[in-house]
Amino acid sequence: MPASASKTDQELVQESLADRHAFAALVAKYEAPLRRYVKRLGVNSPEDADDILQEAFIKAYVNLNDYDPSLPFGAWMYRITHNETISHFRKQRVRPRVVETEEDLVIFENIVDTTDIPAEIDRGILKAAVHKALAGIAEQYRSVLVLRFLEEKSYDEIAEILQIPTGTVATYISRGKRELKDTLKKFTGADV
Amino acid sequence: MENFSEHIVKEIAERGATPKPRWHFLLKRSVFWTLAGLSIVIGGIAVSVAIYVFIDNDSLATFQNSAPQEALRNLAQSIPYIWLFVLGLFTVSTYLGFRRTRKGYRYATVLVVVVAVVLSLVFGLTLDRLDFGQSVHKYLLSHTGVYDILIHSSEDEGDFEGSH
């Protein structure tokens, strides 16, 4: 087990400020969840995901002294990566294309638990519909739904990542679920 | 084959990237706090002048003796819109400055705007008691031509604000 594994993020940040090689431990720790997050936001190309992550980590390194140690380092990294991803979509002028995997259904199943959407619709139809619906809803709603139901972040963490008040997070989740439900209704033709 | 974390460290070295110093961020945050604070002060000055301009005119004195329609028209003409506009402008500026501070995002827009207006009102009322609004108003009247035009833009429509 590497020595860095027993250190806290805050300790690793302090070490990275003195020696850039220590930053590798933070990159190794957060690369996988952030890569998954970028993909869930709609970045399909692995090369694009690499570029986004590279820029996000370098930006984090340059701004290490701006990190507030009272908050989780992960949330700070998610924020930087989120901004970098949104900036990527704007630069490329492309709409996000949500990857069609079993993961798509997770968001639906998690939402089903908190709404009155019946879950007995054919899974094949549902999968395609969730895929289209997620890509079709407004960016801020997609972000909160992904963070809440796929990344399983708390309201406070989402607020920190998106830099919005916690009350707004709750509003976006509620509206996002409604928008997703309405969009699903269009795609499945069923009364979801 | 080099892994991703090694690649990032190598890329940092190749670009010659170094962490920005702590004072850079302290200065940045100070700028936004100063902007927010200064905006409340200017908003307060706007309130104090607005109170002075609103109270110091004939239409209020003759309000009770006028016909209701005329009284309302005179009242509407007595409102120093330019100063209310300045208050609005600097309330927005307070919000923008505060929103960029480290924890500014946590507070709802409505709450920040209401608190900024209340602080400007409290500060403005204090300045009014010290006759600061009157001093600013008279100073601007005697030193700038454009203020006279702005503050008396509706004068030709009625009797508005006699004292200079």
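Predicted model: local features only at pLDDT ≥ 70, side-chain atom pairs only at ≥ 80, totals over all residues.
## Overall make-up of chain B

Chain B is built from eight helices and zero strands. Its pattern along the sequence is α-α-α-α-α-α-α-α.

Chain B has 164 residues, and 23% of them count as buried.

## Helix 2 and helix 5 of chain B

Two packed helices are described by the angle between their axes and the distance between the axes. Helix 2 of chain B covers residues 22–55, and helix 5 of chain B covers residues 81–99. Their axes come within 8 Å and cross at roughly 165°. Because angles over 145 degrees count as roughly antiparallel, helix 2 of chain B is roughly antiparallel to helix 5 of chain B. The crossing of these two helices is left-handed.

On the side of helix 2 of chain B, the residues in this contact include Phe32(B), Leu35(B), Ala36(B), Ser39(B), Gly43(B) and Val53(B). On the side of helix 5 of chain B, they include Trp83(B), Leu87(B), Phe90(B), Thr94(B), Gly97(B) and Phe98(B). By class, the contact between helix 2 and helix 5 of chain B has 16 nonpolar, six polar and no charged residues.

## Helix 7 and helix 8 of chain A

In chain A, helix 7 (residues 139–150) and helix 8 (residues 155–162) have axes that come within 10 Å and cross at roughly 140°. That angle makes helix 7 of chain A oblique to helix 8 of chain A. Helix 7 of chain A passes helix 8 of chain A in a right-handed crossing.

Helix 7 of chain A brings Ser143(A), Val144(A), Leu147(A) and Arg148(A) to the contact, while helix 8 of chain A brings Ile158(A), Ile161(A) and Leu162(A). Sorted by class, the residues of this contact are five nonpolar, one polar and one charged.

## Where chain B touches chain A

The two chains meet through 20 residues of chain B and 23 residues of chain A. On the side of chain B, helix 1 (4–15) and helix 2 each supply at least two residues. Helix 1 of chain B gives the most to this side, with nine residues.

The side of chain B that touches chain A has 12 nonpolar, one polar and seven charged residues.

Technical notes:
Residues numbered from 1 in each chain as written. Chains lettered and ligands numbered in written order. Axes fitted to C-alpha atoms, helices over the stretch in contact; angles between N-to-C directions. Helix = DSSP H or I, 4+ residues; strand = E, 2+ residues; numbered from the N terminus. Parallel < 35°, antiparallel > 145°, perpendicular 65-115°, else oblique. Left-handed = near helix turned anticlockwise from the far one by under 90°. Contact = placed C-beta atoms within 7 Å. Nonpolar A, V, L, I, M, F, W, Y, C, P; charged D, E, K, R; others polar. Buried ≥ 20, exposed ≤ 12 C-beta atoms within 10 Å, placed from the backbone.
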